[in-house]
Amino acid sequence: MSIDVDFAPLIPLPALLALAFAGIVVAGLCIFGKTRGAWLRAGAIACLLIALANPSFTREDRETLTNVLPVVVDRSGSQSLDGRNRQTDEARRQLEARLSGLKDTEVRWIEAGQDGSASDGTELFAALRNGLADVPPERVAGALFVTDGVVHDVPGAARDLGFSAPIHALITGRPDERDRRVALTLSPRFGIVGQTQRIGFRIEEVGDGLGRPVPVTIRRDGEIIDRVEALPGQTTTIEAPVAHPGVNFIEIEAEDAGREITTVNNRAVVPIDGVREKLRVLLVSGEPHAGERTWRNLLKADASVDLVHFTILRPPEKQDGTPINELSLIAFPTRELFSQKIDEFDLIIFDRYARQGILPIVYFDNIARYVRDGGAVLVAGGPDYSEPGSLYETPLSAVLPAEPMGGVVERQFKAALSEVGRKHPVTRGLPGSEQNPPSWAPWFRMVDSRLREGDAVLQGPEERPLLVLAREEKGRVALLLSDHAWLWARGFDGGGPHVDLLRRLSHWLMKEPDLEEEALRAKATGRTVTFERQTLKDEAAPVTVTLPNGQSREIALAQEEPGLWRATFETPELGLHRVTDGTFSTLVNVGPPNPREFTEVASTERRLGPLASQTGGSTRRLEPEPGAAIDVPRIVPVSAGARASGADWIGVRQAEASVVRGIGILPIFAGILGLILLLGAFAATWAREGR
């Protein structure tokens, strides 16, 4: 309980101050003028002024609040290394025993990092703020941390804590720890496919007996591409080839130093997004026809394609007497295109092209070689494919997947997906294909042919092959056996999905990864990893996931739609995961490529030491010598501003927070008492002056 005197003036404060000034002047003149009863008059004026100030006695009944002492226990991933969890559990047991005897103190245990959140690093102070969100700063007696000291959100100054009390850190781990890690100094995010990117890294070591050159293995997507030696503490630079579009995972792995805390941080991962330069496409139209511009318009609208288009308007046999020097036509640069620069193209399209004496036979040999070496050819044929002079009568026939039977089917029909076509990513899910017959416009002509190899993904009447896709050694070939796709583009009878079909077809030929018919993919969203197996087979084998810690899990896949199998997996680990089904392998990264949690894992007092010193606290190891018993220091209550640590003890502040439970007010000049005092003062003045 406390008693105070409060004032509640009956008139505005400026008026009261003016009256007080006037009263002091009058009383002063009376006193210095030695007027009779001057002191009594001054006393009466003072009583009047005090009455106007309306003083009162205030009594407060206060209840002292308990102190709040948070104890933050680090359960992050690095605490699982080298027996640190055992030290943590023992420290908590001893702390519980010591804190149980601390009077008027509420102990709050805060477990940080145990939920396996995907935050990048150990954030103990964020957990501390959340744990004290409902506690006024004056009630906080201090903070205790049980951690390995590798904390990534340490405030820069004590004022950023939000309270004024000592913090103490009890450090797990051993002082003689040994560790080697790879620290990236240059890690590009993008690269041009077919070129190299420069990556810089540095080997950093903690412990004795180190400092020698370290063998380092460089991998791309799990395959070894180089081996180098790096001197610890010095930056090493390598050139990593970007092999394919999409993410190229470059791994830099240093040799195990022996007796390390962990080898997880011996490897650093650099994900480089492979970006292809503009795809170069050569389109050769054998003659002007109704659908000639279908391919041109589609490819010109594709921002990723650089198109070169030639139309044969005047074949050699066409002679009308016009002198050559008066023709405005451009001569077809056959030697430059099909001999000198053929390998610069990603795709060659022959649109209704027949042998017209323009291309010598030897150039068709070049085109076949170009396909086998990794190029792509699309033949969009009409009647020309089955007539004399067909491309099938050239050396190119060795890579063409369908043989013309010598006739043309000329009747109305609707292109339909074959059984393989329902699974193939080029044709799977084409708009309108879900109905039978498909809800797209009919075609009226196709080449009668016999399938030699490859997959017929579209069929015509009597299941004749209409669109055939095939692989030839390193290259790819597609054969579209109708010249009526333009009917879809013109919107005839409702049109059809010509953009989807022709764009997918051209990009499959140019080896777009998303259109591979046999592929294994993995994608991470948070902690959820989605596996996707694209296959033309009837079954998909389960996948085996290897976690960053080396453990493996087998996941069964379920069919989502024809040719596509999926499964999801909640991973407990951050980092690079390896996925395989026995035939295909891929990598997927969960969270940051190189989580801070396992970048620096050697226990340290360095990070928390400066902040602890600013607050008057301390940092100390739970196991000061290897093999020593864990001994938590005594915990002693100390007053604010007093020393808060010693050789074998740590102090927590005794907070002085309280809450008011009741208030009593007694006015001094109110009622009979006030009236008696005022009347008495003025009566005494009158009596003295009347004598």
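**Close-ups of a predicted model**

Arg181, Arg202, Glu204, Glu600, Arg606 and Arg607 join up in a network of salt bridges (a salt bridge being a side-chain nitrogen of Lys or Arg within 4 Å of a carboxyl oxygen of Asp or Glu). This is a predicted model, where local features need pLDDT of at least 70 and side-chain atom pairs count only at pLDDT 80 or more, while totals for chains, interfaces and linings use all residues. Residues are numbered from 1 along each chain as its sequence is written, and side-chain values use heavy atoms, with hydrogens and water left out.

**View 1. Arginine 607 and glutamate 600 form one of the network's salt bridges.** The closest N and O atoms of this pair sit 3.2 Å apart. Glutamate 600 has 29% relative accessibility, so it counts as partly exposed (buried is under 20% relative accessible area, exposed is over 50%, and partly exposed is in between, with a 1.4 Å probe and protein chains only). The count for the model comes to 49 salt bridges.

**View 2. Aspartate 89 meets arginine 75 in a salt bridge.** Here the N to O distance is 3.0 Å. The pair links distant parts of the chain, 14 residues apart: aspartate 89 belongs to helix α3 (residues 84–99), and arginine 75 to the loop between β3 (67–74) and α3. Helices (H or I, at least four residues) and strands (E, at least two) are DSSP runs, numbered from the N terminus. Both ends are partly exposed, aspartate 89 at 41% relative accessibility and arginine 75 at 23%.

**View 3. Aspartate 384 and arginine 352 make a salt bridge between two loops.** Their closest N and O atoms are 3.6 Å apart. Aspartate 384 lies in the loop between β18 (376–380) and β19 (402–409), and arginine 352 in the loop between β17 (347–351) and α7 (361–372), so the bridge ties together parts that are 32 residues apart in sequence. Aspartate 384 counts as buried because its relative accessibility is 9%. Arginine 352 is buried too, at 15%.

**View 4. The largest pocket holds about 1500 Å³ of space.** His244, Pro245, Gly246, Val247 and Thr586 are the closest to its centre, out of 48 lining residues. On a 1 Å grid over the protein atoms alone, a pocket is an open set of points with protein on both sides within 12 Å along at least five of seven lines, a cavity is a set where a 1.4 Å probe fits but cannot get out, and lining residues have an atom within 4 Å of a point. Grid points are joined across faces, edges and corners, and a volume is the space filled by probe spheres set on the points. Strands β13 (246–254), β14 (267–275), β25 (519–525), β26 (528–534), β31 (575–580) and β32 (585–590) each give the lining at least two residues. β14 supplies the largest share, seven residues. By class, the lining splits into 22 nonpolar, 10 polar and 16 charged residues (Ala, Val, Leu, Ile, Met, Phe, Trp, Tyr, Cys and Pro count as nonpolar, Asp, Glu, Lys and Arg as charged, and the others, Gly among them, as polar).

**View 5. The largest cavity has a volume of about 90 Å³.** The count comes to one cavity of 30 Å³ or more.

**View 6. A cis peptide bond runs from asparagine 436 to proline 437.** Omega is near 0° there. Proline 437 is in the loop between β20 and β21. Glutamine 435 is found in that loop as well, with β20 spanning 416–417 and β21 446–451. Glutamine 435 is partly exposed, with a relative accessible area of 43%.

**View 7. Arginine 259 and aspartate 493 each have a positive phi without being glycine.** Most residues other than glycine have a negative phi, and most peptide bonds are trans. For arginine 259, in the loop between β13 and β14, phi is near 60°. Aspartate 493 has a phi of about 50° and sits in the loop between α8 (486–489) and α9 (498–509). Arginine 259 is exposed, with a relative accessible area of 64%, and aspartate 493 also counts as exposed, at 58% relative accessibility.
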